[in-house]
Amino acid sequence: MTAAYRDLCRITEAAFQADLARMRALTAEEAGLRASLADLDRQLRESLAGAAGEETSWRVLGADEAWRKWLMRRKSEVNMQLARLQVRKAEAIETLKRSFARRQVSGEILGIRLEEARIAERRRD
């Protein structure tokens with residue numbers, strides 16, 4: 001009988017590890033998006049700081065303004081990706097909580113069953 005509980009523990013552990021791996025992947029993706037946002041912010045600050053200086057060929061052609069507009073559009077796109085990712089991450093957190101709880105409970109049940117088996121064995125002796 002305890003073999004079935006051991007199998008249950010293995011299954012719930014595998015499910016938990018899979019959910020944990022998904023969470024780690026989402027966290028890594030989030031870090032990449034946040035790094036992209038930081039880089040875009042830095043580029044935008046540098047572009048704005050350069051705009052206060054002298055006339056350059058970029059400025060005369062309007063390329064500096066086009067660059068800033070592209071940076072703002074790109075920043076908006078990355079923010080939308082981050083928002084969608086945060087929704088997926090919130091769902092993954094809930095899934096991870098459930099699989100963690102299942103793993104804990106299955107371990108406790110196995111512990112109880114093993115203790116019951118030990119007690120029954122002692123009674124037989």
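The expected span of a helix is taken as 1.5 Å times one less than its number of residues. Helices (H or I, at least four residues) and strands (E, at least two) are DSSP runs, numbered from the N terminus. In the predicted model described here, local features need pLDDT of at least 70 and side-chain atom pairs count only at pLDDT 80 or more, while totals for chains, interfaces and linings use all residues. Residues are numbered from 1 along each chain as its sequence is written, and side-chain values use heavy atoms, with hydrogens and water left out.

Helix α3 comprises 62 residues and reaches 89 Å from its first C-alpha to its last, close to the 92 Å expected at 1.5 Å a residue. The buried residues of α3 are Asp64, Arg68, Leu71, Val78, Leu82, Leu85, Lys89, Ala92, Leu96, Ser99, Ser106 and Leu110.

The nonpolar core was examined next. Such a core is a set of buried Ala, Val, Leu, Ile, Met, Phe, Trp, Tyr and Cys residues joined through side-chain atoms within 4.5 Å. The largest one has 14 residues, and those with the most contacts inside it are Leu33, Val78, Leu82, Leu85 and Leu96. Helices α1 and α3 each supply at least two residues of this core, and α1 provides the largest share of it, 8 residues.

Individual contacts, defined as heavy atoms within 4.5 Å, were then considered. Leu40, in helix α1 (residues 2-51), counts as buried because its relative accessibility is 7%. Residues up to four places away in sequence being excluded, Leu40 touches Trp70, Leu71, Arg74, Lys75 and Val78. Leu40 and Val78 are 38 residues apart along the chain, and their C-alpha atoms are separated by 9.5 Å. With the same exclusion of residues up to four places away, Leu96 touches Phe16, Asp19, Leu20 and Met23.

Polar contacts were identified as pairs of N or O atoms within 3.5 Å; within protein, one atom must be able to donate a hydrogen and the other to accept it, and residues adjacent in sequence count only if both atoms are side-chain atoms. Ser99 is placed in helix α3 (residues 63-124) and is classed as buried because its relative accessibility is 5%. The side chain of Ser99 forms a polar contact of 3.0 Å with the side chain of Asp19. A polar atom of the Ser99 side chain also lies 3.1 Å from the backbone oxygen of Leu96. Apart from its neighbours within four places in sequence, Ser99 is in contact with Ala15, Phe16 and Asp19. Lys89 likewise belongs to helix α3, and its side chain makes a polar contact with that of Glu30 at 2.6 Å. Neighbours within four places in sequence aside, Lys89 contacts Met23, Leu26, Thr27 and Glu30.

Rings of Phe, Tyr and Trp (its six-membered ring) pair if their centres lie within 6.5 Å; planes under 30 degrees apart count as stacked, over 60 as edge-to-face and the rest as tilted. The structure holds 2 aromatic pairs. Phe16 and Phe100 form a tilted pair, 5.8 Å centre to centre with 55° between the planes. Phe16 lies in helix α1 and Phe100 in helix α3, so this pair ties together parts that are 84 residues apart in sequence. Phe16 is buried, with a relative accessible area of 9%, whereas Phe100 is partly exposed at 37% relative accessibility. Trp67 and Trp70 form a stacked pair, 5.3 Å centre to centre with 15° between the planes. Both tryptophans lie in helix α3, 3 residues apart, about one turn of the helix. Trp67 is partly exposed with a relative accessible area of 34%, as is Trp70 with 39%.

A charge is considered to sit over a ring if NZ of Lys or CZ of Arg is within 6 Å of the ring centre and within 35 degrees of the ring normal. The charged end of Arg103 sits over the ring of Phe16, 4.1 Å from the ring centre.

Finally, Arg10 is located in helix α1 and is exposed, its relative accessible area being 52%. Arg10 and Gly107 are 97 residues apart in sequence, with a C-alpha to C-alpha distance of 9.4 Å.

Technical notes
Buried means under 20% relative accessible area, exposed over 50%, partly exposed in between (1.4 Å probe, protein chains only).
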